[in-house]
Amino acid sequence: MYGGGNTFESIKATGLENEDPIKLAEFEARIERGEKIEPHDWMPQLYRKQLIRMIEQHAHSEIIGALPEGTWITRAPGFKRKLALMAKVQDEVGHAQLLYGAAETLGKPREQMLDDLVSGKSKYSNIFNYPAFTWADSCFISWLVDAGAIVNQLANARGSYGPYCRALERICAEESFHLKYGHHCVIHLATGTEKQREMMQAAINRWWAPMMHFFGPADKASVHSEILMRWKVKMSSNDEQRNQFLDMYVPKIWELGFTIPDPKLGKNEATGKWEYTEPDWEEFKRVINGDGPCNAERLAVRRTAEERGRWVRQALLAPKTQYVAPLA
Amino acid sequence: MNEITIKELLYKIADDQLILGHRNSEWTGFGPLLEEDIAFSSMAQDKVGQSQAMYQLLHELGEAEPDTVAFMRNEDQFHNCQLTELPNGEYDFSLIRHFLFDFAYAIRFEMLANSSYEPLAKLSKKIQGELRYHTMHANTWIKQLGSATEESISRLQNSLNEAMPYSLGIFEPSPYEAELKSEGIFEGEEVLKEKWLAKITDVINQTQLQMPDISTLTPKYGGRKGKHTEHLQPLLDEMAEVFRIDPTADW
């Protein structure tokens, strides 16, 4: 987890007229040939800015995503689940570490990224602004939110920026274990007692809308991103990713005997595309702009962690600093 | 060999590991640095895994399944020392507790690696290797923060003073000390405590922290007999919240 659903703002000014045209042409030709761009290579300002924004959002999503699932570490039923969930959420924090490292290669320090997260300046995946009420919610996240993230990350791993691609390759390898863990948990609930099945069905009902939002607004309504596609920053469209996810996972959910709260959901065999009720994009906008069920709580937790840990980070920065009384 | 003697020893070790492992896992998502979230999670996984292996030994001696033992008992049936159940507090307290506890356990497992009780000796040899990383981690941080800024030094000192009486509770004597010793199962809490004191004093002396005078302190005993602070039962309730919805269900 937990990338995906990156939000791109419309690019009002590309600033490309200020770039050296020869270097720009060379840069685009390299990407066209499938070469990776490395930290010390020349790159247009816009490329740098958009990548920082995307990788940073992804890193934030990893640490914020650790919160709803982390709640269930101390409640996981039995040793097997407790140990697996600890390891899983630990992986996610490790992914954040890798991703902040990748973003730092573009010139923005980790501390500054974390400041921008707690101040609300930078975003994270919208889905983590919803609460995980029950154990089954945590199982939904481990299986299906991770599955959605893998769809997004496998695409991005083919992108043009070397450090991000390498981080994603490592991340995807771990994600595949998370997916297995999540699926295993859901199968146990599906084949368990009546109560367990009800818990899981309720979780699916709660999480379906946020899951559809996860991949971002419909292509026809979303920001034009041709230049980001050409530069291999954005690798596939929101609708393509959503369709791929539905194609892979809806049959698996149905196979377990669960229903999905969308009467229109079904595959159009003629087009090969999934059809569904258009998600409520007004809600999506509201939540992403801060007015979701858990936005304030998630950021407050993060802010508290940052504040409580400040003395530790300061002590590391200046191990020899001594308090000196001012000379009056 | 008396099984009651062995069981008493195994229970307290297993319960200590489970409860502190659980506390360590509470740092996930809240650490002062991402690297510390990850480190505390690793230690949590090791400890919970070690407790499971100990409960498995108990199961082989006729006790219930590890899941049942861990998730279905109440506080008065737990034998962990009170140090392990105290809330995490600020990072300085968690770090000091980790330092005091893990040195004691590194030595405990080193001693138990020579136990005449073969299954325990075998398991202790394996755990010893894991514990080496825990003490290395504690050492690095205590040395660094214990000599860094005025704030870090005073925070660590306060936590050290607060945790010390509880850490002496790790060595609460067992009713079976003589038997454990004469049968070659375990050399005893007193020997362990002396070795531990030498180790931690050595590390503390390399920092700007002061070692509290333990002769003036009253050890916080009771945990080994099922007497706990107000913090343990809520922890157990939380831990078993899902499991107890249906203890016979397969989760």
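Contact here means heavy atoms within 4.5 Å. These legends describe a predicted model, where local features need pLDDT of at least 70, side-chain atom pairs count only at pLDDT 80 or more, and totals for chains, interfaces and linings use all residues. Residues are numbered from 1 along each chain as its sequence is written, chains are lettered from A in the order in which they are written, and side-chain values use heavy atoms, with hydrogens and water left out.

**View 1. Where chain A meets chain B.** Chain A brings 46 residues to the contact and chain B brings 54. Together the two chains bury about 4,200 Å², with 64% of it on carbon and sulfur atoms. (Buried area is the accessible area, found with a 1.4 Å probe, that two parts lose on being put together, summed over both.) Look for A:F79, A:Q90 and A:W311: they supply 20% of the area that chain A buries against chain B, more than any other three residues.

**View 2. Two helices that cross between the chains.** Two packed helices are described by the angle between their axes and the distance between the axes. Helix α11 of chain A (residues 295–317) packs against helix α6 of chain B (residues 118–145) at about 80 degrees, and their axes lie 10 Å apart. That angle makes the pair roughly perpendicular, a label for angles of 65 to 115 degrees. Axes are lines fitted to C-alpha atoms over the stretch in contact, and angles run from 0 to 180 degrees between N-to-C directions. Helices are DSSP runs (H or I) of at least four residues, numbered from the N terminus. The touching residues are A:W311, A:V312, A:A315 and A:L316 from α11(A), and B:W141, B:Q144 and B:L145 from α6(B).

**View 3. Meet A:R75 and its partners in chain B.** Side chains of opposite charge can pair when their charged atoms come close. In a salt bridge, a side-chain nitrogen of Lys or Arg is within 4 Å of a carboxyl oxygen of Asp or Glu. A:R75 forms one with B:E238, the closest N and O atoms being 3.6 Å apart. This pair reaches from the loop between α2 and α3 of chain A to helix α10 (residues 232–240) of chain B. A:R75 also forms a salt bridge with B:E241, where the closest N and O atoms are 3.0 Å apart. Between chain A and chain B, the count is 4 salt bridges.

Technical notes:
Helices (H or I, at least four residues) and strands (E, at least two) are DSSP runs, numbered from the N terminus. Angles under 35 degrees count as roughly parallel, over 145 as roughly antiparallel, 65 to 115 as roughly perpendicular and the rest as oblique.
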